[in-house]
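Have the structure open as you read.

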Amino acid sequence: MKLHRKSVLRFFRGYRTQAPDREGILLKKGARNTSYQRRWFILRGNLLFYLEHQADHTPLGLILLENCQVEPRLGATEPYAFTIRTPGGEGGRAYRLAAENPEELRAWLWALAGATWTRLAELLRPLEAQYRELCQAAGQEPGSPPEDCGSLAIPRTLFSFQELHEHFGKEIRMLQAVHRQFQEASDNGGSRSPTGGGEAGTQQLC
Amino acid sequence: MRYNDKELQALSRQPAEMAAELGMRGPKKGSVVKRRLVKLVVNFLFYFRTDEAEVGWWGGPKLLEHCRVIHEEPNSFSISFLEDPERKYHFECCSEEQCQQWMAALRQASYEFMRRSLIFYRNEIQKMTGKV
């Protein structure tokens with residue numbers, strides 16, 4: 001199935017002046033070549049782009065994040081490794097990625113877990129309903145969100161307790177898994193610990 | 001730009017936000033109207049001929065970001081993309097009501113629109129209740 005590349009590339013380029021949800025270096029294992037390649041990743045909405053270089057005009061590739069499973073990968077050759085598993089039955093892929101340090105790993109896991117359209121819709125639905133109820137109770141005509149992007153700053157910190165609870169719940173499970181990996185690594189005499197990682201990494205996660 | 005074909009196919013088979021048979025016409029002058037099953041899944045628009053999502057003359061499933069939805073004649077609307085506003089994809093519905101439903105759904109399908117909405121509702125609720 002051919003994708004309408006133009007609409008995706010326009011979205012990618014059009015937003016170059018607007019900060020993405022997350023971007024940075026990740027190591028990516030090739031599909032055929034089993035070595036890790038350094039790539040620049042850009043997360044916008046439910047799309048994860050990867051580029052050979054940060055300033056490239058066209059991404060090397062695109063990963064659709066709907067219905068993906070994102071999880072840390074224990075026992076990988078790279079520390080701070082994680083997998084994005086995409087649906088598609090037998091045709092689905094497991095993208096093997098790795099962050100360069102524990103902070104990056106945690107930040108990416110967080111960002112990717114919350115990136116889907118479906119999840120955004122789930123957050124939006126009750127809020128919209130609550131707003132309409134409040135308007136009705138106040139005898140007020142409900143307003144509409146702005147059509148235009150404008151220069152709306154998106155405060156990523158202002159989440160309700162419910163959302164934080166849900167989000168941190170996921171993050172805690174992931175971090176526990178990663179933490180166990182580091183424990184094992186240092187228990188094994190640091191044979192698989194990253195240089196300068198090991199103990200320090202574990203402490204930071206605590 | 002590489003992507004996994006199967007991911008896109010899997011998406012096209014997901015339960016749709018909207019699905020209906022609509023008349024469609026491409027951007028070129030003199031294009032013929034074709035009736036197709038059109039499916040809105042998250043922020044992507046697919047169309048199908050039989051079971052397989054088709055590509056053909058309209059270039060494949062479209063990402064609905066930075067997309068302008070315009071009411072054309074009665075029962076009809078068009079979509080175009082911000083950087084190419086002259087290139088319109090036309091849709092014919094069987095009623096004005098269906099037309100309005102699709103227009104609203106397409107506008108609200110954009111991830112960026114949903115994000116703005118989240119902020120808008122949160123702010124409004126806070127104003128009205130004094131609580132976050």
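Predicted model: local features only at pLDDT ≥ 70, side-chain atom pairs only at ≥ 80, totals over all residues.

## Confidence in chain A

Taken as a whole, chain A averages a pLDDT of 78, with 68% of the residues scoring at least 70.

## Where the chains meet

On to the interface. The size of an interface is often given as the accessible area lost when the parts come together. Here, chain B and chain A bury about 5500 Å² between them, and 67% of that is on carbon and sulfur atoms. Which residues of chain B lose the most area to chain A? They're B:Met1, B:Arg116 and B:Tyr121, together accounting for 15% of what that side buries.

In residue terms, chain A puts 68 residues into the contact and chain B puts in 51.

## Polar links across the interface

The two chains share two salt bridges. In one salt bridge, the side chains of B:Asp84 and A:Arg10 meet at 3.6 Å, N to O. There are also 16 residue pairs in polar contact between chain B and chain A, counting pairs with both residues at pLDDT 80 or more.

## What chain B brings

Several elements of chain B each supply at least two residues of the side that touches chain A: helix H1 (5-12), strand E3 (44-48), strand E4 (62-63), strand E7 (84-92) and helix H3 (111-129). H3(B) gives the largest share of that side, 16 residues. Sorted by class, the side of chain B that touches chain A has 25 nonpolar, 16 charged and ten polar residues.

## The chain B sheet

Chain B has an open sheet of seven strands, with antiparallel pairing and the order E4-E3-E2-E1-E7-E6-E5. Its edge strands are E4 and strand E5 (67-71) of chain B, each of which pairs on one side only.

Which residue stands opposite B:Lys62 in E4(B)? That's B:Leu45.

Definitions and conventions: Residues numbered from 1 in each chain as written. Chains lettered and ligands numbered in written order. Heavy atoms only, no water. pLDDT = per-residue confidence, 0-100. Contact = heavy atoms within 4.5 Å. Buried area = accessible area lost by both parts, 1.4 Å probe. Salt bridge = Lys/Arg side-chain N within 4 Å of Asp/Glu carboxyl O. Polar contact = N/O pair within 3.5 Å; in protein donor to acceptor, adjacent residues only side chain to side chain. Helix = DSSP H or I, 4+ residues; strand = E, 2+ residues; numbered from the N terminus. Nonpolar A, V, L, I, M, F, W, Y, C, P; charged D, E, K, R; others polar. Pairing = 2+ DSSP bridges.
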